[in-house]
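Hi,

Here is the structure I promised to pass on. Have a look at it first, and my notes follow below.

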Amino acid sequence: MSTPIVEQQGEQLQTATRVATDDLVIDRRLHEGHIPRWLKVMLRNPVSVAGIMIVIAFALIAILAPILAPPLLPAQAYQIPHSGYEAQPKPPDTAHPFGTTQGQYDIYYGVIWGTRTAFRIGIIVTGLTVLIGAGLGSMTAFVGGWVDEVFQHIVEIFLAFPFLLAALTLAAVLVPRIHNGLISGMIALVVFSWPSYARYIRGDILAVKQRDFVLAARTIGVPGWRILLHHVLPNAMYSVLVVGSLDIGTYVLTFAALSFLGVGAGEGYADWGQLLSYARNWIPNLAQYWYIVVYPGTALLLFVLGWNLIGDAFRDALDPRMQRGRGA
Amino acid sequence: MTRYIIRRLLVLPIVLVGLSMMIFGMLQLLDPAERAALYVPGGVLRTQSALQDIIRTYGLNKPIYVQYINWLDRTLHGNLGWSVTAQQPVLSAILSFFPATLELALWSFVPIIFGGVFLGIQAAIHHDQWQDHLARVFSIVGYSFPTFVFGLLMLMIFYAALQWFPPGRLSNWATAIVFSPEFHRYTGMNTVDALLNGRFDIFADALRHIFLPALTLAYVQWALILRVMRSSMLDVISQDYIRTARSKGLPERHVLNRHARPNAMIPVATAGGLLLVGLLNGAVITETVFNYHGMGWFVGNAALHLDAISVLGATLFDGMLIVIANLVVDIMYAYLDPRIRLQ
């Protein structure tokens with residue numbers, strides 16, 4: 001959110017430390033044979049190791065989905081099979097190890113294939129938001145002047161929207177247009193997420209733009225777009241990429257919330273939020289039908305937790321203040 | 001400082017116009033007949049000529065910029081359209097649902113701030129000891145917990161199994177009394193009105209209903225305040241003036257409470273301000289899970305039934321709230337921190 005004076009100070013400081021850490025990382029990488037120092041710090045930290053292991057476990061489940069829960073029709077693997085149309089959820093048994101929801105959708109199948117949905121949504125949404133945000137943000141920051149100023153105001157307008165509400169609105173308007181809840185939900189997330197990356201990369205671009213090698217490139221007449229692509233971006237892209245990739249958990253969480261409210265993945269689609277939305281109809285009976293909440297809920301919590309554990313440790317590893325505290 | 005506030009105030013209308021343009025742009029994704037239906041009480045157009053009437057009255061066949069100016073004009077006059085889901089004009093729906101949200105926000109905000117600050121200080125002064133690790137686990141799990149999963153679990157345990165805390169805003173018997181002529185609804189906030197009417201039984205009932213949603217909001221948000229407080233406190237206690245205070249022999253308690261905490265609270269003020277706005281916007285998910293009829297429930301329900309005009313109206317209202325609150329937080333920050341004021 002916008003707190004300009006403070007932000008300016010904070011941003012300068014952040015940029016300064018970030019640039020300093022970048023240099024440090026680059027220096028060390030040269031000296032220590034390609035293993036950056038932060039990676040070593042992270043691999044020694046039990047918190048981040050736990051996070052990495054959780055994420056790897058989910059990746060394995062996603063890869064092995066066709067073996068763990070063989071689909072009846074491989075072409076419609078993301079559609080959860082259902083035996084019958086009975087309204088009452090059924091408790092776990094041998095045929096349905098996690099039980100069934102209303103409409104007899106198999107929860108086990110939904111949880112396993114939902115892992116693939118989670119990775120797909122996380123990777124696509126993060127990829128597009130970082131690409132659009134960092135692309136527009138770096139171009140306007142590089143050009144500078146009024147372009148940068150106007151663009152920052154546009155970003156501010158986007159950030160003035162309450163994020164979930166904005167995504168909800170756009171998804172609600174888009175669903176009847178494109179008849180695909182999955183795509184409308186993802187578009188809605190991308191449209192309202194990119195501005196924060198645009199703002200994030202701006203500080204880095206402004207800092208790198210001032211360096212001598214950019215001036216040198218300008219002096220020998222390298223065209224502007226080439227300086228941006230070959231000299232500025234490679235030096236500024238790094239932190240926004242990392243921050244973005246660690247936001248995967250957050251996007252999966254928000255998408256699940258959209259599905260839970262009914263504007264994300266459609267009926268019977270293998271998606272954790274969609275499975276959890278069935279619980280809304282059985283709230284007075286949840287003590288009896290606990291399995292509708294507990295299995296998909298645990299999967300979603302662990303997935304988000306895994307990414308957040310990595311992200312948390314990573315921010316610590318990059319923050320020089322924390323290291324000083326630790327070293328002392 | 002005055003120049004800064006003036007500059008911010010000048011930018012405010014620009015942001016609001018931009019916001020309204022974006023909302024208007026989203027409305028254009030609907031086709032003209034749908035947009036016409038947005039202005040009809042009941043939301044259903046009975047005849048073709050009625051449709052033509054609406055299109056003419058609201059100028060839906062005019063160029064887009066004319067439509068925008070007309071829309072802005074209607075919106076500024078408080079005509080945000082007709083809410084199909086709430087069966088009333090959008091503005092009156094917003095005004096009737098807002099007190100419930102305000103009530104929930106106030107009941108969760110106080111525990112969030114006090115709990116978060118307390119836990120944050122504990123984590124910071126026991127840096128890298130078990131208290132710190134525990135606070136860290138507590139915070140990161142809370143931060144990762146999907147609100148609706150936590151809410152559903154709470155309902156599963158404390159409502160479905162134990163029958164302690166029911167969903168909704170009031171029990172049926174209490175609702176009957178609250179909406180009876182003898183009961184004066186001063187604020188629309190049940191707990192406050194119950195006290196003003198001297199009905200402690202209704203106060204207790206309202207509190208029983210608000211407990212779980214407030215707890216859910218608190219758990220998810222504690223993490224945020226705890227983190228901000230912890231890192232800011234860590235920062236402050238490594239400063240030279242704290243070492244000075246310690247070395248002149250002040251008791252540790254005094255150093256922490258009088259020297260460290262006030263300065264460490266400044267970032268919490270910002271985070272708290274933004275948090276309060278977030279809560280006032282209506283916790284869509286929490287209110288939906290607990291069937292708590294406030295702004296969040298209204299918007300969530302409207303989106304579910306593709307009642308775009310209600311969602312857009314509420315978004316505009318919330319967007320304005322955010323822009324204004326950001327400004328207030330900026331100004332407050334400047335007053336709390338003399339370094340910023342002196343620039």
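**What I found**

In chain A, helix 5 (residues 107-143) and helix 8 (residues 181-209) have axes that come within 6 Å and cross at roughly 40 degrees. (Axes here are lines fitted to C-alpha atoms, for helices over the stretch in contact, with angles running from 0 to 180 degrees between N-to-C directions; helices are DSSP runs of H or I with at least four residues, strands are runs of E with at least two, and both are numbered from the N terminus.) Helix 5 of chain A and helix 8 of chain A are therefore oblique to each other, given that angles under 35 degrees count as roughly parallel, over 145 as roughly antiparallel, 65 to 115 as roughly perpendicular and the rest as oblique. Their crossing is right-handed, meaning that the near helix is turned clockwise from the far one by less than a right angle. The contact of these two helices has 20 nonpolar, six polar and three charged residues. (Asp, Glu, Lys and Arg are charged; Ala, Val, Leu, Ile, Met, Phe, Trp, Tyr, Cys and Pro are nonpolar; the others, Gly among them, are polar.)

Before going on: this is a predicted model, where local features need pLDDT of at least 70 and side-chain atom pairs count only at pLDDT 80 or more, while totals for chains, interfaces and linings use all residues. Residues are numbered from 1 along each chain as its sequence is written, and chains are lettered from A and ligands numbered from 1 in the order in which they are written.

Now chain B. Its secondary structure comes to 16 helices and two strands, and its C-alpha trace spans about 85 × 55 × 35 Å along the principal axes. Helix 5 (residues 90-125) of chain B packs against helix 6 (residues 130-144) of chain B at about 135 degrees, with the axes 7 Å apart. The crossing of this pair is left-handed. On the helix 5 side L119(B), Q122(B) and A123(B) take part, meeting Q131(B), D132(B), A135(B) and R136(B) of helix 6. (Two residues are in contact if their C-beta atoms, placed from the backbone, lie within 7 Å.) By class, that contact has three nonpolar, two polar and two charged residues.

Finally, where do the two chains meet? The contact takes 48 residues from chain A and 53 residues from chain B. Helix 7 of chain A gives the largest share of chain A's side, ten residues. That side divides into 35 nonpolar, ten polar and three charged residues.

Cheers
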